[in-house]
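Subject: Handover of a structure and notes on what it contains

Dear colleague,

Please find below the structure that I am handing over, together with its sequence. My notes follow it, and I would be glad if you read them with the coordinates open.

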Amino acid sequence: ALYLQLRQNQIKTLPEGLPGPDLLNLSLLHLSSNKLTSLPDSTTQCTSLCTLYVNGNAITSLPMNGWKNMKKLKTFNVGSNNLDALPDEFVERFGEPDSKTGDCTKVGLDVCTLIYVFFPFDLCTENRSILI
């Protein structure tokens, strides 16, 4: 499993393809506290992702398609951004976020709490949660 941590680097944009389908073993991508305004559409093609942190940026929208392919995604933190709405496919895959906790639960998905530490265990075997 690959972990890519790029938090607090003043990153404004990511090139299309990062992350993407060529990163077959990328399980954790940590992009929090940068200056991102969007994520590349290829983000949802990185189907190996289990954990994605993009909190603390200036993201206004998420990729519209591909969320149904994110079968391994268990933790997704997009808090402290400028999102207007969630894409329909995102809501279809994960459910509506709870207005208090931000957890999205859908039949077959368990909820866990976000752990904000370096993960010494296999992220893909833990419970699923989406934190918004």
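Two strands are said to pair if DSSP finds at least two bridges between them, and the elements themselves are DSSP runs numbered from the N terminus, with helices (H or I) of at least four residues and strands (E) of at least two. This is a predicted model, in which local features need pLDDT of at least 70 and side-chain atom pairs count only at pLDDT 80 or more, while totals for chains, interfaces and linings use all residues. Residues are numbered from 1 along each chain as its sequence is written, and side-chain values use heavy atoms, with hydrogens and water left out.

On confidence, pLDDT is the predictor's confidence in each residue, from 0 to 100. The protein chain has a mean pLDDT of 78, with 73% of its residues at 70 or more.

Strand E2 takes part in two parallel pairings: one with strand E1 (residues 2–5) over 4 bridges, and another with strand E3 (residues 51–53) over 3 bridges.

In the loop between E2 and E3 lies Asn34, which is buried at a relative accessible area of 7%. A polar atom of the Asn34 side chain lies 2.8 Å from the backbone nitrogen of Asn9, and the backbone oxygen of Ser32 lies 3.4 Å from a polar atom of that side chain. Leaving aside neighbours within four places in sequence, the residues in contact with Asn34 include Leu6, Arg7, Gln8, Gly56 and Asn57.

Finally, with a disulfide taken as a pair of cysteine sulfur atoms within 2.5 Å, the count comes to 0. Cys46 is in no disulfide, the nearest cysteine sulfur being that of Cys50, 9.6 Å away, and Cys46 is buried, with a relative accessible area of 1%.

Note on methods:
Buried < 20%, exposed > 50% of the residue type's maximum accessible area, 1.4 Å probe, protein only. Polar contact = N/O pair within 3.5 Å; in protein donor to acceptor, adjacent residues only side chain to side chain. Contact = heavy atoms within 4.5 Å.
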